[in-house]
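Subject: Structure handover

Hello,

Here is the structure I said I would pass on. My notes on it follow below; please read them with the model open beside you.

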Amino acid sequence: MYRIISGQWKAKRISAPKNFDVRPTTDFAKEALFSIIENRFRLDYASISVLDLFAGIGSISLEFASRGCKDVTSIEMNARHAGFINATATELEMNTQVNAIRGDVFEYLKKNRNRKTYDIVVADPPFEMEVEKYQELISLVLKNNYLKENGVFILEHQSRTKLEHPNITDTRKYGNVSFSFLKPNEPQPEETAENGEIVE
């Protein structure tokens with residue numbers, strides 16, 4: 001079970017079937033995260049796009065939608081979990097805002113390179129994921145144009161998992177859960193080919 005913290009469905013409790021093996025972001029950590037998003041980035045929820053990776057049963061996706069975000073794409077490997085997100089969004093009349101897609105996050109990021117950019121990319125991988133896979137995830141998001149120029153990639157991980165990357169601007173710890181904030185890659189300067197033409 002989790003609770004929507006704020007917005008249209010403030011205090012709404014969402015209960016998944018008991019046989020779902022999920023670990024939603026705790027209400028405490030989620031409330032702290034959205035406080036940071038609002039105070040630091042000052043984004044207008046109604047005008048931003050969000051990509052929620054490893055979406056689970058939709059704790060983060062539905063929180064964004066409740067706060068007015070009209071463009072939330074949720075990627076979740078478990079078909080039943082993805083179905084639950086879509087069904088819950090429909091029940092809460094947020095189905096035009098949230099689109100849950102069943103798929104492996106790494107494969108999705110490889111197949112959809114350079115198709116769409118987002119203001120916020122959020123990822124909550126399995127806590128037992130190895131550091132090397134975290135680095136692969138970071139690379140796929142940052143090198144394939146998923147973040148807008150002023151966007152932010154928010155990566156949730158165990159506090160004992162120490163991530164190092166030049167794009168990490170801050171890491172906030174909330175008990176055994178931490179959020180690392182990553183900035184987009186710097187735009188690459190245009191290269192000039194031997195014949196003098198500009199190479200994009």
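K133 counts as partly exposed, because its relative accessibility is 31%. K133 and E136 are 3 residues apart in helix α5, so about one helical turn separates them. Please keep in mind that this is a predicted model.

Elsewhere, salt bridges that share partners join K30, E38, E63 and R67 into one network. The whole structure has 11 salt bridges.

- E107 and K110 meet through their side chains, at 3.8 Å from N to O. Both lie in helix α4, 3 residues apart, which is about one turn of the helix. E107 is partly exposed, with a relative accessible area of 36%, and K110 is partly exposed at 31%.
- K148 and D119 form a salt bridge with the closest N and O atoms 3.3 Å apart. K148 lies in strand β7 and D119 in strand β6, so this pair ties together parts that are 29 residues apart in sequence. K148 is partly exposed, with a relative accessible area of 31%, whereas D119 counts as buried because its relative accessibility is 15% and the cut-off for buried is under 20%.

Next, the interior. In soluble globular proteins, nonpolar side chains tend to be buried together. Which residues touch the most other members of the largest nonpolar core? They are I37, F64, I120, I154 and F179, out of 38 residues in that core. Several elements each supply at least two of its residues, among them α1 (27-41), α3 (79-91), β6 (118-123) and β9 (177-182). The largest share, 6 residues, comes from α1.

Not counting residues up to four places away in sequence, I154 touches L33, I37, I120, V121, V122, A123, F179, S180 and F181.

Helix α2 is mostly covered, with 8 of its 8 residues buried. S61 lies in this helix and is buried, with a relative accessible area of 0%. Leaving aside its neighbours within four places in sequence, S61 is in contact with D52, A55, V72, S74 and V98. After α2 comes G68, whose phi is positive, near 110 degrees.

The largest pocket holds about 480 Å³ of space. Its lining has 28 residues, and F54, G56, E76, D124 and P126 are the closest to its centre. At least two lining residues come from each of α2, β4 (71-76) and α4 (105-111). By class, this lining has 14 nonpolar, 6 polar and 8 charged residues.

The second largest pocket has a volume of about 340 Å³. Of the 15 residues that line it, L142, N145, N185, E186 and P187 lie nearest its centre. Both α5 (131-143) and β7 supply at least two residues each to this lining, which divides into 6 nonpolar, 4 polar and 5 charged.

Regards

Notes: Residues numbered from 1 in each chain as written. Predicted model: local features only at pLDDT ≥ 70, side-chain atom pairs only at ≥ 80, totals over all residues. Heavy atoms only, no water. Core = buried A, V, L, I, M, F, W, Y, C linked by side-chain atoms within 4.5 Å. Buried < 20%, exposed > 50% of the residue type's maximum accessible area, 1.4 Å probe, protein only. Helix = DSSP H or I, 4+ residues; strand = E, 2+ residues; numbered from the N terminus. Contact = heavy atoms within 4.5 Å. 1 Å grid on protein atoms, 1.4 Å probe; cavity = no way out; pocket = protein on both sides within 12 Å on 5 of 7 lines; lining within 4 Å. Points joined across faces, edges and corners; volume = space filled by probe spheres on them. Nonpolar A, V, L, I, M, F, W, Y, C, P; charged D, E, K, R; others polar. Salt bridge = Lys/Arg side-chain N within 4 Å of Asp/Glu carboxyl O.
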